[in-house]
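My entries follow the structure.

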Amino acid sequence: MKLPYAAKARVERKKVVEYLLSFSHPDGSSKARFFSSFGFRVDEWEVLARALRKHGREHVVSVSVESAHGTRHSVDGPLETPDGRNPEVRTVWILAKRSRAPRLITAHPR
């Protein structure tokens, strides 16, 4: 199964800049090291946002979990990167109840 409503997937600037590419975030610093090692940069955060949305559209959902907030979908596959090495990554999306736009929760190496 593909990510529901993947064409409308949202990746917020704050999630990328203040978490996934933040070397000072307590939980995000290891992710920042990982993503920056493949050429992603804070000053061009949209590049990572586009790659994450594409990842959500192109790969299949590996796990779906219902919660009080909606359904969490994990998507696994290679992430297109600026340096072309394209590592295996898991993106996690939440599709809130009655929503038609999944929102990125996190992304990390597989």
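## Salt bridges and a strand serine

I began with lysine 54, which is partly exposed at 24% relative accessibility. The model is a predicted one, and I kept that in mind for every entry.

I then looked for the partner of lysine 54 and found a salt bridge to glutamate 58, with the closest N and O atoms 4.0 Å apart. Both residues lie in helix H3 (residues 45-58), and because they are four residues apart there, about one helical turn separates them. Glutamate 58 has 44% relative accessibility, so I noted it as partly exposed.

I checked the total next: the structure holds eight salt bridges. I looked up some of the others.

Arginine 41 and glutamate 44 meet through their side chains in a salt bridge, at 3.6 Å from N to O. I read 42% relative accessibility for arginine 41, which makes it partly exposed. Glutamate 44 stands at 37% and is also classed as partly exposed. I also found that a network of salt bridges links Arg41, Asp43 and Glu44.

For arginine 85 I found a side-chain salt bridge with aspartate 83, at 2.7 Å from N to O. Aspartate 83 is partly exposed, with 36% relative accessibility.

My last entry concerns serine 74. Is serine 74 buried or exposed? I noted it as buried, because its relative accessibility is 10% and the cut-off for buried is under 20%. Serine 74 sits in strand S2 (residues 70-78). Leaving aside neighbours within four places in sequence, I listed its contacts as Val60, Val61, Ser62, Val63, Arg90, Thr91 and Val92.

Technical notes. Residues are numbered from 1 along each chain as its sequence is written. This is a predicted model: local features need pLDDT of at least 70, side-chain atom pairs count only at pLDDT 80 or more; totals for chains, interfaces and linings use all residues. Side-chain values use heavy atoms; hydrogens and water are left out. Helices (H or I, at least four residues) and strands (E, at least two) are DSSP runs, numbered from the N terminus. Buried means under 20% relative accessible area, exposed over 50%, partly exposed in between (1.4 Å probe, protein chains only). Contact means heavy atoms within 4.5 Å.
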